[in-house]
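Hi,

Here is the structure I promised to pass on. Have a look at it first, and then read my notes below.

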Amino acid sequence: MPYDTQPTASHFVNGAYLEDTTGEVIEVIYPATGAVIAKVHAATPAVIEAAMTSAKAAQAAWAAMTGTERGRVLRKAADMMRDRNHDLSVLETYDTGKPYQETSVVDATSGADALEYFGGLAASLTGEHIQLGEDWVYTRREALGLCVGIGAWNYPTQIACWKGAPALACGNAMIFKPSETTPLCALKVAEILHEAGLPAGLYNVIQGMGTVGASMVTDPRVDKVSLTGSVPTGRKVYAAAAESVKHVTMELGGKSPMIVFDDADLENAVSGAILGNFYSSGQVCSNGTRVFVHKNIKEAFLDRLAARLQDAVIGDPMDPDTSFGPMVSERQMDIVLGYIAKGQEEGARLVTGGARLDRDGFYLQPTVFADVTDDMTIAREEIFGPVMAVLDFEDEADVMARANDTEFGLAAGVFTRDLSRAHRVVAGFEAGTCFINSYNDAPVEAPFGGSKMSGVGRENSKAAIQHYTQLKTVFVRMGDLEAPF
Ligand code: NAD
């Protein structure tokens, strides 16, 4: 292998790599070939304890530093991530199977954006002053303390940074547990942060299955849990965190609608549907997987979509020309194949794709179903793979009701040239993140997150600061204090 994918050790704790080979072995599999490319060990209770103790010990001094000092470390780490973008992107591709064409422009780069953005914001975090006659109140914006981040497997570098950057900017310590499917990238984030000057213990990465995450969620030393994962996991983690009234951010799954009106620019709408269903082989939480297309343009839309899908370059993810890679794991590929079979059984029309590719690795064809109805399984459940469901509509009010008829509320999009309709439609969407004539943009400057079952709280932007700090209110009396007796 031209690139060494075996990390120095499984965990990064207290400023250094840490190994404990008594932990359960986790094999890291390159999705493009099925080969084992690294092995790590799940964190044992001793590793978890070391992570907790070092994080607790380091946090108070970090919070006592000025925001400018904390921000300088994060901004330096951002520059280092950009300098190392090539190597980090190659590692991200090994970890996830996503094409280098994507990872080289999305993963370490968006991680660096988060470090730069929150590094810049750190110095301007403030409380407020409230004058009450001659008395007054001031608020202190304080760190929460020890935050736990738990990641999904689709964006391992980005998730590690989207949680770590605001947590650290606000003066917290973080222990991050990556998904057991993609354990490699977060270790590099920890390495870079510490090389950039982060004091030891403030950003620890420990490996493990859900049980390792669960043990941290109930630990009394932990003040906040930020999870990116599925709704079923979110329910469990939220409930466990509630036992000790911990702060939470929940970035969960979706089944988001994309509505294409008959006045839309067809080529842009097709681009949106491709980006919102096939980028990262469809393994994106905010994907617009229920594509409602107005009856008048439905056949034209499907024709253009099928034609443009012919241009997808499916192959070796390391080849810069490849634009569509494998699924992250055999398990995920099998789940998606199960949904494709369900779509056919329940009477949806297969327009294109629908099969596994005859080659090594976990490759599926980009798949489009038309004539999908609202009650079909492929229109109700999150598939998390390259499967687009196209549904017909004629009337705006009717399609809005159908678009919102889901337990999820992560994202939603509309394609139309009618300005008032665009804004009316997004105002009506029951979703946290909406797009007009675009899909799946997630700049760090904008809040990102879901409503309904798709989540609690927001990542990115100034909004994330609310979720990594708490206010202390201080009443100050200037004169004498009267009492009834
Ligand atoms: P998952 O829910 O299976 O696992 C997510 C993480 O939670 C993993 O690290 C896992 O080990 C851990 N975990 C599992 N059980 C746990 C428990 N009881 N306590 C603590 N931690 C536990 O999700 P996944 O399959 O890794 O990722 C795919 C899902 O993530 C999809 O539903 C997708 O929509 C969602 N996702 C959401 C966002 C978002 O920002 N909203 C982003 C990416 C992915």
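**What I found**

K452 counts as partly exposed, at 37% relative accessibility (partly exposed is the range between buried, under 20% relative accessible area, and exposed, over 50%, using a 1.4 Å probe and protein chains only). This is a predicted model, in which local features need pLDDT of at least 70 and side-chain atom pairs count only at pLDDT 80 or more, while totals for chains, interfaces and linings use all residues. Residues are numbered from 1 along each chain as its sequence is written, and side-chain values use heavy atoms, with hydrogens and water left out.

Back to K452: you'll find K452 in the loop between β18 (433–436) and β19 (455–456). (Strands are DSSP runs of E with at least two residues, helices are runs of H or I with at least four, and both are numbered from the N terminus.) The phi of K452 is near 50°, a positive value in a residue other than glycine. Most residues other than glycine have a negative phi. N14 is another non-glycine with a positive phi, about 55°. N14 sits in the loop between β1 (11–13) and β2 (16–18) and is partly exposed, with a relative accessible area of 43%.

Now a loop glycine. G145 lies between β6 (135–143) and β7 (146–150), and is buried at a relative accessible area of 6%. Leaving out residues up to four places away in sequence, G145 touches Q59, N172, A173 and D223 (contact means heavy atoms within 4.5 Å). How far apart are the C-alpha atoms of G145 and Q310? They are separated by 51 Å, with the two residues 165 apart along the chain.

Next, the rings. Rings of Phe, Tyr and Trp (its six-membered ring) pair if their centres lie within 6.5 Å; planes under 30 degrees apart count as stacked, over 60 as edge-to-face and the rest as tilted. By this rule there are 8 aromatic pairs. One of them is F12 with Y17: their centres are 5.1 Å apart and their planes are at 80°, so this pair is edge-to-face. F12 is buried, at 3%, whereas Y17 is partly exposed, at 23% relative accessibility. Y117 and F118 are also edge-to-face, because their planes are at 90°, with the ring centres 5.0 Å apart. Both Y117 and F118 are buried.

K98 is over Y155, at 3.6 Å from the ring centre, and K224 is over Y468, at 4.4 Å.

What about the inside? A nonpolar core is a set of buried Ala, Val, Leu, Ile, Met, Phe, Trp, Tyr and Cys residues joined through side-chain atoms within 4.5 Å. The largest one has 76 residues, and those touching the most other members are M81, L115, F118, I175, L193, Y203 and I206. In soluble globular proteins, nonpolar side chains tend to be buried together.

L193 also turns up in helix α6: the buried residues there are C185, A186, L187, V189, A190, E191, I192, L193 and H194. That makes 9 of the 11 residues of α6 (185–195), so the helix is mostly covered. Just after α6, G197 takes a positive phi of about 115°.

T367 lies in strand β15 (residues 367–370) and is buried, at 0% relative accessibility. Its side chain has a polar atom 2.8 Å from the backbone nitrogen of G354, and a polar atom 2.8 Å from the backbone oxygen of Q365. These are polar contacts (N or O atoms within 3.5 Å; within protein, one must be able to donate a hydrogen and the other to accept it, and residues adjacent in sequence count only if both atoms are side-chain atoms).

Finally, the ligand. A polar backbone atom of A214 is 3.5 Å from a ligand nitrogen.

Cheers

Key:
Lys NZ or Arg CZ within 6 Å of the ring centre and 35° of its normal.
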